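Welcome, and thanks for taking a look at this one. Please open the structure and keep the sequence to hand while you read.

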Amino acid sequence: MSTSTAPWWRDAVIYQVYVRSFADGNGDGVGDIAGIRSRLPYLKSLGVDAIWINPWYESPMADHGYDVADFRQIDPLFGTVAEAEQLIEEAHRHGIRVIPDIVPNHTSDRHAWFQTALAAGPGSPERERYVFRTGRGTDGAEPPNDWVSCFGGPAWTRLPDGEWYLHLFAPEQPDLNWRHPDVRAEFESILRFWFSRGVDGFRIDVAHGLIKHPELPDLPPRPEAAPDGPRQHLDHPHWDRDEVHDVYRAWRRVADEFPGDRSFVAEAWADTPERLAAYVRRDGLHTAFNFDFLMSSWDAKDLRAVIDDSLAMLGAVGAPATWVLSNHDVMRHPSRYGRRVVRRWVANEPYRPEGAVDLALGTRRARAAALLMLALPGGAYIYQGEELGLPEVEDLPESVLQDPVWERSGHTDRGRDGCRVPIPWSGRSAPYGFSPDGTTAEPWLPQPADWAEHSVAAHDGVEGSMLELYRAALRLRRGLPALGDGGLAWLDTPAGVLAFRREPEFVCVVNLSAEPYRLPGHASVLLASGPLDDGVLAPDRAAWLAT
Ligand code: GLC
């Protein structure tokens, strides 16, 4: 790391553990805390600074844990609070920090507050903690407004007593009313509960959605799509409203009560980099995911624009950038990049890739993208399995799909299961070491028959494997003062080639063009995403140079 006195989160490499799919410790076919604990040595050998763990709280699992029934309990499927405490302690012993997910926009419909609100009936103070309204039209039979659920269909569900409640996601995920003091006090108390158990921070789910327009107006008309035009912030009745920052100013004060640089990362989708930067002011959150990088096409001009805009806007407020290529909500990047045309992703729309996937191409690009991401100033996120080059499983049978998106979209969007298939650790056939030997329960999603080649064991110690590329990159990143926090300077290159210098004595070159590119003068090659031909970088390759 470049500046040893800077807080850890300014340039941390954070590994995302999707707990259901990481490692199954108890043999029920579902990943759990025991599984994570058993794999801490693996994470240590990978060289990450922290893990972000998707929701592990008590939940009926309508959205795999993003529907939380009790924020102070661990779901029995995953373990217990005592095991969570052990995990935190053991991870710390390995030098790995732990960041759970927190889900403040909504609870489960099984949460005690929602159950109480249902029982208390229309007009009761208990209902004010959520967003209950009467409907429009004859007998209030129409929803209160035209908002839509992110998973498809209306964002309102009607109760037998005639009232409607708001859910921006599934009906099992009623939205909380963040204008209510109980909601604010409760979440500050939940943060303290987990901070005092040693967690190092939180990933904040749907951080941009908490505050709704007080009058709940209909959605504004959608502007004409202008994919290449300047991006504009639109005043939206439930996304990214200015008042949301008051919530995070209060959360920041809570984090600062605890020793040891506790930090937040926001899942915030903002129209412009300026709007994103507003989340990470000095009295607000620490970092935010930079989805523009993930959504960019595999195109030098596009990527460079995203990098420049992100660094400028975040730099202006003194915040570090973060970089992310994949997560549990999006198609894995070897499968995105393996398309002949890699389209720019549009927020809030399902990503529909065109044409068949060429995984050799996608993997070549994924290797180059990893070196690009890990050389950029700031922090980076690695989604479990990306270090194994896992592709999206695009052919899961419809009968096994579990993501609520599949049902709610009327079977038009297959949802996110394809990036959530359990990790292959070893062996020639399923469950590939995901569950303990002798387990009869099948993994909760089927693993492809040809995944042996992607297992950790198949990569471990194999020169040129994806895992060894990530390990080497992370090792260098730790050792080189040029990497991590700081700035960059672009070098002159032909169209399609990205090259930047970081001080001292480091250059990263990525060839996104169709032509080979002769590397600029250098003292040595530190790492390359593929074989170099006498100082020439082939298309879709990247290299780190010492100068
Ligand atoms: C976030 C999560 C996603 C979840 C949704 C609702 O976008 O990343 O997985 O379904 O919020 O909580």
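Here is a short tour of a helix pair and some salt bridges. Please keep in mind that this is a predicted model. Across the whole structure, a search finds 34 salt bridges, and a helix pair, α6 with α7, packs at an angle of about 30°.

**How α6 and α7 pack**

- Helix α6 covers residues 181–195 and helix α7 covers residues 244–256, and their axes lie 10 Å apart.
- The angle between α6 and α7 is about 30°, and angles under 35 degrees count as roughly parallel, so α6 and α7 are roughly parallel to each other.
- The crossing of these two helices, α6 and α7, is right-handed.
- On the α6 side, the contact is made by Arg-184, Phe-187, Glu-188, Leu-191, Arg-192 and Phe-195; on the α7 side, Asp-246, Val-247, Ala-250, Trp-251, Val-254 and Ala-255 meet them.
- Sorted by class, the contact of α6 with α7 has 8 nonpolar and 4 charged residues, with no polar ones.

**Asp-485 with Arg-10**

- A salt bridge joins the side chains of Asp-485 and Arg-10, at 2.6 Å from N to O.
- This pair links distant parts of the chain, 475 residues apart: Arg-10 is in the segment before β1 (13–17), while Asp-485 is in the loop between α15 (466–479) and β14 (489–490).
- Both Arg-10 and Asp-485 are buried.

**Arg-203 with Glu-267**

- The side chains of Arg-203 and Glu-267 also meet in a salt bridge, with an N to O distance of 3.6 Å.
- Here too the pair links distant parts of the chain, 64 residues apart, with Arg-203 in strand β9 (residues 201–204) and Glu-267 in the loop between β10 (263–266) and α8 (273–277).
- Buried means under 20% relative accessible area, so Arg-203 counts as buried at 1%, and Glu-267 counts as buried at 8%.

**Arg-365 with Asp-540**

- Arg-365 and Asp-540 form a salt bridge in which the closest N and O atoms are 3.0 Å apart.
- Arg-365 sits in helix α12 (residues 359–375) and Asp-540 in the loop between β19 (536–537) and β20 (541–546), so this pair ties together parts that are 175 residues apart in sequence.
- Arg-365 is buried, and Asp-540 is buried as well.

**A salt-bridge network**

- Which residues are linked in a network of salt bridges? They are Asp-63, Asp-329, Asp-403, Arg-416 and Arg-420.

Note on methods
Residues are numbered from 1 along each chain as its sequence is written. This is a predicted model: local features need pLDDT of at least 70, side-chain atom pairs count only at pLDDT 80 or more; totals for chains, interfaces and linings use all residues. Side-chain values use heavy atoms; hydrogens and water are left out. Axes are lines fitted to C-alpha atoms, for helices over the stretch in contact, and angles run from 0 to 180 degrees between N-to-C directions. Helices (H or I, at least four residues) and strands (E, at least two) are DSSP runs, numbered from the N terminus. Angles under 35 degrees count as roughly parallel, over 145 as roughly antiparallel, 65 to 115 as roughly perpendicular and the rest as oblique. A crossing is left-handed if the near helix is turned anticlockwise from the far one by less than a right angle, and right-handed if clockwise. Contact means heavy atoms within 4.5 Å. Ala, Val, Leu, Ile, Met, Phe, Trp, Tyr, Cys and Pro count as nonpolar, Asp, Glu, Lys and Arg as charged, and the others, Gly among them, as polar. A salt bridge is a side-chain nitrogen of Lys or Arg within 4 Å of a carboxyl oxygen of Asp or Glu. Buried means under 20% relative accessible area, exposed over 50%, partly exposed in between (1.4 Å probe, protein chains only).
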